[in-house]
Amino acid sequence: EGLGFYASVGHAGDGSVNVLPIPLSVSVIPGAAAKLSATAPSVVAVDEPFALHVRAEDVNSNPGARLEAELVVFDGERELARAVLTATQAGIIEIDGLSLGTMGVHRLLVRTADGRFEATSNPIRCEPGPTTRVYWGDMHAHADWADGAGTIDWNYDFARNKARLDFYALTEHIYATPGNPIISIDKPPHLGPERLWRECQEAARAYHQPGRFVTFLGYERTPWERRRSSGDLTVWFMHEDADLIIEETIAQTIESVKAAGGDVFVGTHAAQRPDWEHYPDDV
């Protein structure tokens, strides 16, 4: 899938611009397979079945590099499984039905049968009956509506099926300015915030996979009082049918979110220093 970039043309020479309706599309195509990468659950129970996610990558770590090979999975010297990676799988395979019979920390080795490529998985802690688990995800990401790349669907697909995350939230920017409380950034103005929010809702619903991949519907509130004085605010809803709640200021946004009810979580932008005077006293 191509990554879209919208362009504006100032043909009048007076500072005004027109957004071209058709974006420039740039396709990122993986090169030849140069290595393997392997991802497993961080915590499993003894003899509990789990899957090992294996992907072929090019020299720049782009996943999905074309590779046809038999894969062999080892736990130390013990062979656990064999699987065949075919051309139709686009360099990515889930090897199911693996299990570990001994307690401790394991690292699985996956190797092509011809010895060309191999990879070592992340550490796997094996316990008799785990009371807690470790999950990995990304709660703050952007697509091509704002300062990211790729469509909303492309980002969700990458998170679930290529990066092999356990949970994910695409939190696109929503800006506010006097007289124009909601605008999009990198998309033509006619598409509007309603289209953005509908795409976010649809993707969060479509990619949620109980027991495998949890999605969170959210957005990044970029208020008029703005970054250097207040920082941004991120809002996450616990259900994908939530309405977009946006106000002119951070405080008003938080109060409206609270008044709407339901399960919701708000937080300051991690990369910025918030000025707490812009937040309600009970936050």
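Author: The model discussed here is predicted.

Reader: Is His 173 buried or exposed?

Author: Buried means under 20% relative accessible area. The relative accessible area of His 173 is 4%, so this residue is buried.

Reader: What volume does the largest pocket have, and which residues are the closest to its centre?

Author: The space in the largest pocket is about 590 Å³. There are 28 residues in its lining, and the closest to the centre are Pro 41, Ser 42, Val 134, Tyr 135 and Asp 166.

Reader: Which elements give two or more residues to the lining of the largest pocket?

Author: By residue type, that lining divides into 18 nonpolar, 4 polar and 6 charged. The elements that contribute two or more residues are strands β6 (43-45), β7 (50-57) and β14 (124-127).

Reader: Which are the edge strands of the open sheet that 3 strands form?

Author: The order in this sheet is β6-β14-β11, with mixed pairing. An edge strand pairs on one side only, and this applies to β6 and β11 (104-106).

Reader: Which residue in β14 is the bridge partner of Gly 104?

Author: Strands of a sheet pair through backbone hydrogen bonds, either parallel or antiparallel. β11 and β14 pair in the antiparallel sense, over 3 bridges. The bridge partner of Gly 104 in β14 is Cys 126.

Reader: By how many degrees are neighbouring strands turned against each other on average in the sheet of 4 strands?

Author: This open sheet has the order β9-β8-β12-β13, and its pairing is antiparallel. Its edge strands, each pairing on one side only, are β9 (78-85) and β13 (118-120).

Reader: Which residue in β9 is the bridge partner of Asp 75?

Author: Strand β8, residues 69-75, pairs with β9 in the antiparallel sense over 7 bridges. In β9, Asp 75 has as its bridge partner Arg 78.

Definitions and conventions
Residues numbered from 1 in each chain as written. Predicted model: local features only at pLDDT ≥ 70, side-chain atom pairs only at ≥ 80, totals over all residues. Heavy atoms only, no water. 1 Å grid on protein atoms, 1.4 Å probe; cavity = no way out; pocket = protein on both sides within 12 Å on 5 of 7 lines; lining within 4 Å. Points joined across faces, edges and corners; volume = space filled by probe spheres on them. Nonpolar A, V, L, I, M, F, W, Y, C, P; charged D, E, K, R; others polar. Buried < 20%, exposed > 50% of the residue type's maximum accessible area, 1.4 Å probe, protein only. Pairing = 2+ DSSP bridges.
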